[in-house]
Amino acid sequence: MNIEVRGLTKAFGPITAVTDLSFEVEAGSVTGFLGPNGAGKSTTMRMMLGLVAPASGTATFGGDRYADLPHPSATVGAVLDSAGFHPAHTARDHLRVYARMGGYGTARVNQVADLTGVSAFAGRTTRILSTGMRQRLSLATALLGDPQVLLLDEPSNGLDPEGIAWLRYFLRELAADGRTILISSHVLGKIEHMADHVVVIRDGRLVTTGPVTGLYGSATVLVRCAQADRFAAELMESGVQVERPRPDLLRIHGLSTAQVATAAASHGVTLREITREQPTLEQVFLHLTGGSR
Ligand SMILES: Nc1ncnc2c1ncn2[C@@H]1O[C@H](COP(=O)(O)OP(=O)(O)OP(=O)(O)O)[C@@H](O)[C@H]1O
């Protein structure tokens, strides 16, 4: 079931949170929803779920708005924040309450508790749960209806490295099963290995969307060679962009290492070193979103 967001716009008084935002999320993949703090990720997810009314625009799940879905909790599961637990309830009580509201049985409560690791602390009151445990409990709650779509707002917050690795594996399995997963984060590194696609926003507007690998598009090749002057001139003559960070060093844009090596051989240039320079996704992200705040 695909998600389609079309022209979503929302202002809170003088604060414009989201402006004419459109993107799609495909079934069978994990899509990262990225943007710095305050970019409008939570507001967008809330609008998608009908919790915040957009000034204009729509969000649909398989063609239907959330409010028009015949059985919303069995179609879309959401983890928006890990507040909203009754402090005196145990984790299991919490799941039971939500299971009753959605019309799901005890067997499903036990299943989601096992799937998410909640079983290990099911008897503890929610008041004393750690942040990571709350995240797992929220995820378990979202999964009660075995939904086709999952919307997760910063689900890795508070998870330790083991928890993040678990979440990555867990979400990838769900996606491999044909589900549609949108997961927000302000830290690219957290979802770099979870997501196949990304939607990047800044100041409530779309910056870019596409496969994660597309973000790496700006790789360059760094070469150290004796005849740098001549090699640079010959490359530039054939329209290649070349920088010269040091006299013996060239940074070449738009060619693979193999293409650079072939060009060097054909011009009789001896390469002393050749390296593919790839920006980390974090650098790409900071560049796309205008730097850290
Ligand atoms: N209920 C509200 N009333 C007023 N302003 C709001 C409200 N909710 C969000 N905003 C503002 O809208 C903008 C977008 O906030 P939002 O929480 O959607 O961003 P975010 O990308 O989820 O940020 P973060 O990564 O920090 O969670 C911010 O400027 C925020 O202050």
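How many Å separate the centres of domain 1 and domain 2, taken over C-alpha atoms? The points below start there.

1. **Model and domains.** This is a predicted model. The domain assignment gives domain 1 as residues 3-211 and domain 2 as residues 220-277. Taken over C-alpha atoms, the centres of domain 1 and domain 2 are 46 Å apart.

2. **Ligand shell.** Which residues surround the ligand? The list runs Phe12, Ile15, Ala17, Gly35, Asn37, Gly38, Ala39, Gly40, Lys41, Ser42, Thr43 and His186. By class, the shell holds 7 polar residues, 4 nonpolar and 1 charged. Two elements, β2 (15-25) and α1 (41-48), each supply at least two residues of the shell. Helix α1 gives the most, with 3 residues.

3. **Main nonpolar core.** The largest nonpolar core has 60 residues. Those with the most contacts inside this core are Leu95, Ala140, Leu151, Leu171, Ile181 and Ile183. Helix α5 (residues 131-143) provides the largest share of the core, 6 residues. Apart from this core lies another, of 10 residues, including Val221, Val223, Cys225 and Val260. In soluble globular proteins, nonpolar side chains tend to be buried together.

4. **Leu95.** Leu95 is one of the residues with the most contacts inside the largest core. What does leucine 95 contact, leaving aside its neighbours within four places in sequence? The partners are Val109, Val112, Ala113, Ala140, Thr141 and Leu144. Of these, Ala140 is also among the residues with the most contacts in the core, and both Ala140 and Thr141 are buried residues of α5.

5. **Helix α5.** Helix α5 has 13 residues. From first C-alpha to last, α5 reaches 18 Å, close to the 18 Å expected at 1.5 Å a residue. Is α5 mostly covered or mostly exposed? Mostly covered: 11 of its 13 residues are buried. The buried residues are Met133, Arg134, Gln135, Arg136, Leu137, Ser138, Leu139, Ala140, Thr141, Ala142 and Leu143. Note that Arg134 and Arg136 are on that list. The buried residues of α5 pack against β5 (76-79), α3, α4 (106-116) and β6 (149-153).

6. **Ala99, in α3.** Alanine 99 sits in helix α3 (residues 91-102). Why does alanine 99 count as buried? Because it has 20 C-beta neighbours inside 10 Å, and 20 or more is the cut-off for a buried residue. Beyond residues up to four places away in sequence, alanine 99 touches Tyr104, Gly105, Arg108, Val109 and Leu144. Val109 and Leu144 are also contacts of leucine 95. Alanine 99 and threonine 141 are 42 residues apart in sequence, but 8.0 Å apart in space, C-alpha to C-alpha.

7. **Asp20: check the backbone.** Aspartate 20 lies in strand β2, one of the elements that supply the ligand shell. Its phi is positive, about 45 degrees, although aspartate 20 is not a glycine. Aspartate 20 is partly exposed, because 13 other C-beta atoms lie within 10 Å.

8. **Asp203: another positive phi.** Where is aspartate 203 placed? Aspartate 203 is in the loop between β8 (197-202) and β9 (205-211). Phi of aspartate 203 is near 50 degrees, a positive value in a residue other than glycine. With 16 C-beta neighbours inside 10 Å, aspartate 203 counts as partly exposed.

Technical notes:
Residues numbered from 1 in each chain as written. Predicted model: local features only at pLDDT ≥ 70, side-chain atom pairs only at ≥ 80, totals over all residues. Near = placed C-beta within 6 Å. Helix = DSSP H or I, 4+ residues; strand = E, 2+ residues; numbered from the N terminus. Nonpolar A, V, L, I, M, F, W, Y, C, P; charged D, E, K, R; others polar. Core = buried A, V, L, I, M, F, W, Y, C linked by C-beta atoms within 7 Å. Buried ≥ 20, exposed ≤ 12 C-beta atoms within 10 Å, placed from the backbone. Contact = placed C-beta atoms within 7 Å. Domains from an automatic or database assignment. Expected span 1.5 Å × (residues − 1).
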